[in-house]
Amino acid sequence: MFNIDWMSLALPFAYITILGGSLYTFSTIYRKRKAVESANLEPWFPPHLQRNIYLSLLHMEPEEGQEKTPKIPDSVVRAALLRRAVEDIRRIIQIRTSKQALNTLLQRGSVGEDLNQRFLAAEKEIEEELRDVVNEANALAPGWGQIIFQSANEIAANVALRTRLEEIEGHAAADKQWWEKRRETIKEDFMKELEVDSVKGSSSKAVSDDEAVHVEINTPVSTPGGSKKKKKGKH
């Protein structure tokens, strides 16, 4: 039989136990602190109004003096859920467009970790929201959960197009007024150039007339006597 010195082994075991307990305590405290910080962070998106409206319709309480809860038509509930899905589509698009830019800023160190935590919390929230909408749609109409976001995407695209057209129409009056002013300015500049050209043309014509007069004055005039002498010389 081997003699084991338990006293010499107690110190390493105690060291390992203390080290493991310290690491476990540190990780627990760290996770709790991160959870508290995440809970205190400002949410990425504002409150989900469409979701609150839908839940209010589902859990509507009876008014004072009434025993029964008023019956909400299924069409109203479905419309509320569809509007909720449209808002989810808008938030998904915003997350997808912001993710790449946020990753680039994080790599450069331009933003802090708090912003990244807010973004990750928003991603997790939208994933849970999508699952909840699909489950609610299937509960209202079997199989609707498979196509509700397709319909919501079409509605969101139409709303965005209508908003863009309204912005263009809103700027049309200002653009027309700007173009009218610009056209008047161009017309005035053109008329000024024509006046300058006409003045230059008249002055150059006067100069040419003066030169013609000087040439005529300096030209010698032939006399009748001279012509007769030339005739005599020929004879």
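Predicted model: local features only at pLDDT ≥ 70, side-chain atom pairs only at ≥ 80, totals over all residues.
This short talk walks through the helices of one protein and the side chains that link them.

Residues are numbered from 1 along each chain as its sequence is written, and side-chain values use heavy atoms, with hydrogens and water left out.

I turn first to the overall picture. The secondary structure comes to 6 helices and 0 strands, and along the sequence the pattern reads α-α-α-α-α-α. Helices here are DSSP runs of H or I with at least four residues, strands are runs of E with at least two, and both are numbered from the N terminus. Of the 235 residues in the protein, 15% are buried. Buried means under 20% relative accessible area, exposed means over 50%, and partly exposed lies in between, with a 1.4 Å probe and protein chains only. The accessible surface comes to about 19500 Å², and 59% of that surface belongs to carbon and sulfur atoms; these areas come from the Shrake-Rupley method with a 1.4 Å probe, and for residues only the protein chains shown count as cover. Among contacts between residues at least 6 apart in sequence, 70% join residues at least 24 apart, where contact means heavy atoms within 4.5 Å.

Next, helix α4. The helix covers residues 113-140, and at 1.5 Å a residue its 28 residues should span 40 Å; the end C-alpha atoms are 41 Å apart, which agrees. That expected span is 1.5 Å times one less than the number of residues. Which residues of α4 are buried? They are N116, F119, A122, E123, I126, E129, V133 and A137.

One of these, F119, has a relative accessibility of 2% and therefore counts as buried. Because W44 lies in the loop between α1 (6-40) and α2 (49-58) while F119 is in helix α4, the pair ties together parts that are 75 residues apart in sequence.

I92 lies in helix α3 and is buried, with a relative accessible area of 16%. Setting aside neighbours within four places in sequence, I92 is in contact with I126 and L130. The C-alpha atoms of I92 and E123 are separated by 8.5 Å, although these residues are 31 apart along the chain.

Now to the charged side chains. How many salt bridges does a search of the whole structure find? The search finds 9, each being a side-chain nitrogen of Lys or Arg within 4 Å of a carboxyl oxygen of Asp or Glu. In one of them, E125 pairs with R51, and the closest N and O atoms are 4.0 Å apart. E125 belongs to helix α4 and R51 to helix α2, so the pair ties together parts that are 74 residues apart in sequence. E125 counts as partly exposed at 36% relative accessibility, and R51 counts as partly exposed at 22%.

A second salt bridge joins E87 and R91, with closest N and O atoms 3.1 Å apart. Both residues lie in helix α3 (residues 74-108), 4 residues apart, about one turn of the helix.

In helix α5, E167 and R164 lie 3 residues apart, about one turn of the helix, and their side chains meet in a salt bridge of 3.3 Å, N to O. Salt bridges that share partners join R51, R84, E125, E129 and D132 into one network.

Finally, helix α5 (residues 148-218) also holds N153, which counts as partly exposed at 42% relative accessibility. N153 and D88 are 65 residues apart in sequence, and their C-alpha atoms are 9.5 Å apart in space.
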